[in-house]
Amino acid sequence: NNVMDGPVDLVVTETADCGLLGEGMLPSLQHAKQHLMTQTGQVIPAAADVYAMLVESPLLRAQACLNPAALCGLDLTSAVTLAPLDPYLSEYLSECGHRRLCDPFHAMRVDFGGPVGALPPPRACPV
């Protein structure tokens, strides 16, 4: 049963995970904007700033790519597309060996009040 009398002016979400956009946050917000909110409704959180740093780490590399030795010479390139299970990794850098390749930088600002899925364009980072 629908307990709402009509569209709402405010949606508060806690679906942000440690990588910000996991747990279906963008599809959930898109649904809320299309079906639950007024045209002038607002979202909390309204925005988020993402900071990044390029690092070199054997541990992170091992988690993000396939170990060819594990395939014992089997060529799967034509049969399957291999990708990490998660779209991003979440590790404490203090707990894994790493080397900084650049200083931390502001990577993007995500406006949850704007059009859903309207992420800023990719940007280059000199190393």
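E56 is partly exposed, with 40% relative accessible area, in a model that is predicted. Here buried means under 20% relative accessible area, exposed means over 50%, and partly exposed lies in between (1.4 Å probe, protein chains only). In this predicted model local features need pLDDT of at least 70 and side-chain atom pairs count only at pLDDT 80 or more, whereas totals for chains, interfaces and linings use all residues. Residues are numbered from 1 along each chain as its sequence is written, and side-chain values use heavy atoms, with hydrogens and water left out.

**Salt bridges**

The side chain of E56 meets that of R99 in a salt bridge, at 2.9 Å from N to O. A salt bridge is defined as a side-chain nitrogen of Lys or Arg within 4 Å of a carboxyl oxygen of Asp or Glu. Because E56 belongs to strand β4 (residues 55-56) and R99 to strand β5 (residues 99-100), the pair ties together parts that are 43 residues apart in sequence. Strands (E, at least two residues) and helices (H or I, at least four) are DSSP runs, numbered from the N terminus. R99 is also partly exposed, at 48% relative accessibility.

How many salt bridges does the structure hold? The count is two. In the other pair, R109 and D49 meet through their side chains at 2.8 Å, N to O. R109 lies in strand β6 (residues 105-111) and D49 in strand β3 (residues 47-52), so this pair ties together parts that are 60 residues apart in sequence. R109 is partly exposed, with a relative accessible area of 47%, and D49 is partly exposed at 39%. In general, side chains of opposite charge can pair when their charged atoms come close.

**Accessibility of other residues**

The table lists relative accessibility for some further residues.

| Residue | Relative accessibility | Class |
|---|---|---|
| C18 | 63% | exposed |
| C102 | 13% | buried |
| V110 | 1% | buried |
| S57 | 7% | buried |

The structure holds zero disulfides, a disulfide being a pair of cysteine sulfur atoms within 2.5 Å.

S57 is placed in the loop between β4 and α2 (58-64). Its side chain reaches the backbone oxygen of G97 at 2.9 Å. Such a polar contact is a pair of N or O atoms within 3.5 Å; within protein, one must be able to donate a hydrogen and the other to accept it, and residues adjacent in sequence count only if both atoms are side-chain atoms. Leaving aside neighbours within four places in sequence, S57 is in contact (heavy atoms within 4.5 Å) with C96, G97 and H98.

V110 is located in strand β6. In sequence, V110 and L20 are 90 residues apart, while their C-alpha atoms lie 9.5 Å apart in space.

**Parallel strands and a cis peptide bond**

Strand β1 (residues 8-12) and strand β2 (residues 37-44) run parallel and are joined by four bridges. Two strands pair if DSSP finds at least two bridges between them. V8 has M37 as its bridge partner in β2. From β1 the chain crosses through helix α1 (residues 25-35) to β2, and this β-α-β crossover is right-handed. That term applies if, with the strands pointing away from the viewer, the path from the first strand over the helix to the second runs clockwise.

A cis peptide bond joins I44 and P45, with omega about 5°. P45 lies in the loop between β2 and β3.
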